[in-house]
Amino acid sequence: MARVREVDAVIVGAGFSGLYMLHKLRGQGLSAVVFEKGDGVGGTWYWNRYPGARCDVESPYYSYSFDPELEQEWEWTERYPAQPELMRYLNFVADRYDLRRDLQLETTVTAAEYDGGTNRWRVSTSSARGDEVTQARFCIMATGCLSTSRIPDFRGLESFRGEVYHTGAWPHEDVDFTGKRVGVVGTGSSGIQSIPVIAAQAEQLTVFQRTPNFSVPAKNGPLDQEFWRQVKADYRRIREDAKHTPTGLPFPPGADAALEAAPEERQRVFDEHWTLGGFRLAQCFSDLAVSNEANETVAEYIRTKIDEIVDDPETARLLKPYDHPVGTKRICVDTEYYATYNRPNVQLVDVRSAPIEEITPTGLRTAEQEYEFDAIVFATGFDAMTGALLAIDIRGRDGVALREKWEAGPRAYLGVSMAGFPNLFTVTGPGSPSVLSNMVTSIEQHVDWIAAHIEYLDANGLQSSEPLAEAEDAWVEHVNALADMTLFPQANSWYLGANVPGKPRVFMPYVGGVGAYRAKCDEVAAKSYEGFALA
Ligand code: FAD
Ligand code: N01
């Protein structure tokens, strides 16, 4: 039988989460290995190489804060870094902290099974080296919330003779659309970022939209050097502030209610945020996330902008969302998205009224018409939050499968640990603020908390940690109750699993905010990990 490797911790995934987790555990003297499916580090930024891919959190805040030297050394060039710059950053981090010697790339974790007898996780991997098993005291899933891209099950997909792409699994080689007829399916953040760039290159672009989204201009550009100098001088305070706001960004959302503001004042605030650029428009008043009437004021503001920007009234009509409140699906942040529809080579097709029926050898056919393409780009999103975890055959105490436990939707204590799965942790798992926040802030908080928990176990001679079922139940109930107080459940969003046929409809992230969540996690730790059974 092949040798079974032993480490203190297995970490799955080499994005922002896995890289920092490795650094942190090493610093505590633990041995760890990171398994990563891709052939490089970067996670999201490794896979999402589509034209126009960039983040929508400003560069000074979408970065690690754990080492003040790192934040002084690194130089961002743009207000919102694009995918290549984020990849350079994460590769720099991997080198700077000598992480690569414990990274095993091109290795997929297929199963993780807890052995109650030895109190070890047996982690099975598959790679070109063959199938292997690694045993570990701790197993940390840093597998990402948006890492399982999916193309809907369109009839005839295999028959298409042209090029097929998914934004979330983009090739590493340059893709050149010059002179080509391109179809893009999907108008979420990925579609909205890539459409203007593809339109500028392709001979002809047809966009297939099922649901219009609210989008606001990014107002991207070179990073203002004076602002950057000030951030660097004040970084410690800025980072500290970010830890305690609802969003994980170093500024609080608007404190005033839109419904209490005079119409002129509301207009002034909306204009100010539109000019500033970015998603803060959706957070500029305190009642936008909880009152339909308040939300409608910002929704109407964006619809008016669409009318102003888009020349063709019928296209403008199709682009205006009416089916969900602003922010209940992630608001999109774009560069010239709406204006792209004024180009003569771009056409918008509504596939709500006439759905895509099949992909044909030469293009696709909707209920109304057939289209011919040289390339089809699927910007159709992800099996979010649970997809990557459930793709692994995870089995806890007594062989119980996570797939069984989560049959009716994910359940976890603090979004970090599950009853029945001792010493298994998830970074930004369901039930934590994760995708509703600046993810790097949330990732660091989770990694720090998990590392401190492991340190506590070791310092106290404890072998295992597992949430109590009643603590988990109470947390899940709290997460649901908070979500129900907001407008979030009104949208058919991936937050709810609504984009994957058959997925249980459960609102997955914690809406209470990064600051409140951190306080709760700190309180649990201060009370000797209240809600956990430690042995
Ligand atoms: P990921 O970066 O997703 O990394 C997880 C890794 O785990 C992947 O590399 C994957 O290959 C690996 N993995 C998964 N399963 C297995 C397995 N079974 N075996 C081996 N390896 C496995 N967040 C923001 O806060 N601001 C933004 O502006 C922003 N922009 C985004 C733009 C895009 C296009 C997308 C898709 C997401 C964006 N996000 C943004 C969310 C983003 O996912 C997080 O900010 C962050 O990068 C997540 O890091 P992570 O390490 O937790 O997960
Ligand atoms: O995916 P999505 P995404 N027929 O699920 C459509 C982050 N991100 O990759 O809404 C026709 O949002 C679907 O239509 P509908 C961010 O958190 C951030 O764009 O289901 N259309 C929708 O239009 C984001 O929220 C950035 O009706 C179909 C689209 O495909 C998350 O990642 C950039 C269809 C999918 O949109 C996911 O974004 C990129 C079908 N059968 C991503 N099936 C930043 O800017 C699906 N669609 C930071």
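Over how many bridges do strand E14 and E15 pair, and in which sense? Strand E14 (residues 363-366) pairs with E15 over three bridges, in the antiparallel sense.

## Model and numbering

This is a predicted model, in which local features need pLDDT of at least 70 and side-chain atom pairs count only at pLDDT 80 or more, while totals for chains, interfaces and linings use all residues. Residues are numbered from 1 along each chain as its sequence is written, and chains are lettered from A and ligands numbered from 1 in the order in which they are written.

## The three-stranded sheet

E14 belongs to an open sheet of three strands, ordered E13-E14-E15 with antiparallel pairing. Strands E13 (356-360) and E15 (370-372) are the edges, each pairing on one side only. From one strand to the next the twist averages 20°. Arginine 365 has glutamate 370 in E15 as its bridge partner. Strands are DSSP runs (E, at least two residues), as are helices (H or I, at least four); two strands pair if DSSP finds at least two bridges between them.

## Around ligand 1

Ligand 1 is surrounded by 37 residues, the closest being Gly13, Gly15, Gly43, Cys55 and Gly144. Helix H1 (16-27), helix H2 (44-47), strand E4 (107-115) and helix H14 (439-459) each give two or more residues to this shell. H1 supplies the largest share, three residues. A residue is near the ligand if its C-beta atom, placed from the backbone, lies within 6 Å of it.

## Helix H16

In H16, Val514, Tyr517, Arg518, Cys521 and Val524 are buried (20 or more other C-beta atoms within 10 Å of the residue's own; exposed means 12 or fewer). The face turned away from the buried side carries the exposed residues Glu523 and Ala526.

Key:
Axes are lines fitted to C-alpha atoms, for helices over the stretch in contact, and angles run from 0 to 180 degrees between N-to-C directions.
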